[in-house]
Amino acid sequence: MKQSFGLKVQGSGLLVLLLALAGASVSAQEIQLGGTRAAAQKGHVVLVSDAIEVSAGKPQLVELRFRVDQGFHINSHTPKDGLLIPTVLKLDAGRGLKVVSEEYQKGSSFRLSVGSGGGQGETLDVYQGDFRVNVRLAVPKGASTLTGTLHYQACDNIACFPPKTLPVMIAVTGE
Amino acid sequence: MLLTLRWSHIKGKKVSLSDFKGHAIVVNFWATYCGPCKVEMPWFQDLGTKYHEKGLVILGLDQDDGMATEEVAAASRRVGVSYPILMPDDKVAKDYQLSDYLPETYYIGENGRVVDQTIGTHSKDEIEADIQKAIAAVGQ
């Protein structure tokens, strides 16, 4: 039985590339991705932790949680292949906030399998669903904001998106 | 709209669609970070060999941002492909109206006519069917 995995792109008529004068002409096209198109406009990762309360002064361990959209995965902080893009959290120091250390959750093993014909991809080390980064953080007394970015690259079972950067902003209360 | 489709070959040679006039062409956009791309690339390699006598040309267009050509070449060798890997500039992605999604593949027949366009990995059978359509379109 023929099985379909990817998406067919349909145009209003056939898309034509004309080879005149070493150039080509492309007619207007409509990419019909169904629900995937809406998903394609999202970042696929969100920050779950939006506020933390810790004792002020001495470094405290806080857990920052992120969530990868269902059906997607991102590389862990330590992917097995040097060509793959690791997930990296960069937090800004300053305004009395001091990031002492970061510890990433271990990834899980994931192997892409395309179709009943057995197209097998490499075994990856990924985050799926919720994952956390434990941060040892010294905070000042009172209210402040922890800012930074999470850099990652997301794929689903049939395709990948370019690397993205998620802004991180967390309200911090030092007691 | 007229487009100038010229790409840099990984060995430095400039390549254009017009270089392959009279051939069925597969233009496959991929990136080294894209696992699904690397699943189907060996299939393109196999099918490129299988349909070589029928004039099929497979071209891989790398979409990595800022990666050195040597690294891209090494990555394509690791995947096991020997067909030309090209380094297009940003204009090509714009000209092809690429989605933010890899792999993306164009199957091109006579005079640059695109007979099919796919986004995401497809089965080897589907890829072969699209290749056969492109070859048939050249013969028409």
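Student: Where does B:Ala68 lie in chain B?

Tutor: Happy to start there: this is a predicted model in which local features need pLDDT of at least 70, side-chain atom pairs count only at pLDDT 80 or more, and totals for chains, interfaces and linings use all residues. Residues are numbered from 1 along each chain as its sequence is written, chains are lettered from A and ligands numbered from 1 in the order in which they are written, and side-chain values use heavy atoms, with hydrogens and water left out. Helices (H or I, at least four residues) and strands (E, at least two) are DSSP runs, numbered from the N terminus. On that basis, B:Ala68 sits in the loop between strand E5 (57–62) and helix H2 (69–79) of chain B.

Student: Is B:Ala68 buried, exposed or partly exposed?

Tutor: Buried means under 20% relative accessible area, exposed over 50%, and partly exposed in between (1.4 Å probe, protein chains only). The relative accessible area of B:Ala68 is 31%, so B:Ala68 is partly exposed.

Student: In what order do the elements of chain B run?

Tutor: Chain B has four helices and eight strands, and 62% of its 140 residues count as buried. Reading from the N terminus, the order is β-β-β-β-α-β-α-β-α-β-β-α.

Student: How are H1(B) and H4(B) arranged: roughly parallel, roughly perpendicular or oblique?

Tutor: Axes are lines fitted to C-alpha atoms, for helices over the stretch in contact, with angles from 0 to 180 degrees between N-to-C directions; angles under 35 degrees count as roughly parallel, over 145 as roughly antiparallel, 65 to 115 as roughly perpendicular and the rest as oblique. The axes of helix H1 (residues 35–50) and helix H4 (residues 124–139) of chain B come within 10 Å and cross at roughly 40°. That angle makes the arrangement of H1(B) and H4(B) oblique.

Student: Which residues of H4(B) meet H1(B)?

Tutor: Contact here means heavy atoms within 4.5 Å. On the H1(B) side, the residues are B:Glu40, B:Trp43, B:Phe44, B:Asp46, B:Leu47 and B:Lys50. Their partners in H4(B) are B:Lys124, B:Ile127, B:Glu128 and B:Ile131.

Student: Which residues have the most contacts inside the largest nonpolar core?

Tutor: A nonpolar core is a set of buried Ala, Val, Leu, Ile, Met, Phe, Trp, Tyr and Cys residues joined through side-chain atoms within 4.5 Å. The largest one has 56 residues, and those with the most contacts inside it are B:Val27, B:Phe29, B:Tyr96 and B:Ile131.
Apart from that core lies another of 32 residues, and its members include A:Leu91, A:Ala154, A:Val172 and B:Tyr101.

Student: How are the rings of A:Phe161 and B:Tyr101 placed: stacked, edge-to-face or tilted?

Tutor: Rings of Phe, Tyr and Trp (its six-membered ring) pair if their centres lie within 6.5 Å; planes under 30 degrees apart count as stacked, over 60 as edge-to-face and the rest as tilted. The structure holds five aromatic pairs over all chains, and one of them, A:Tyr127 with A:Phe131, is stacked, at 4.3 Å centre to centre and 5° between the planes. For A:Phe161 and B:Tyr101, the centres are 4.7 Å apart and the planes lie at 55°, so this pair is tilted.

Student: What does the pair of A:Phe161 and B:Tyr101 join?

Tutor: Both A:Phe161 and B:Tyr101 are buried. A:Phe161 lies in the loop between strand E15 (154–155) and strand E16 (164–174) of chain A, and B:Tyr101 in the loop between helix H3 (90–95) and strand E7 (104–108) of chain B, so the pair joins two chains.

Student: What is omega for the cis peptide bond between B:Leu102 and B:Pro103?

Tutor: B:Pro103 belongs to the loop between H3 and E7 of chain B. Most residues other than glycine have a negative phi, and most peptide bonds are trans. For the cis bond that joins B:Leu102 and B:Pro103, omega is about 0°.

Student: What is phi of A:His44?

Tutor: A:His44 is in the loop between helix H1 (35–40) and strand E5 (45–47) of chain A. With 2% relative accessibility, A:His44 counts as buried. Its phi is positive, in a residue other than glycine, and is near 75°.
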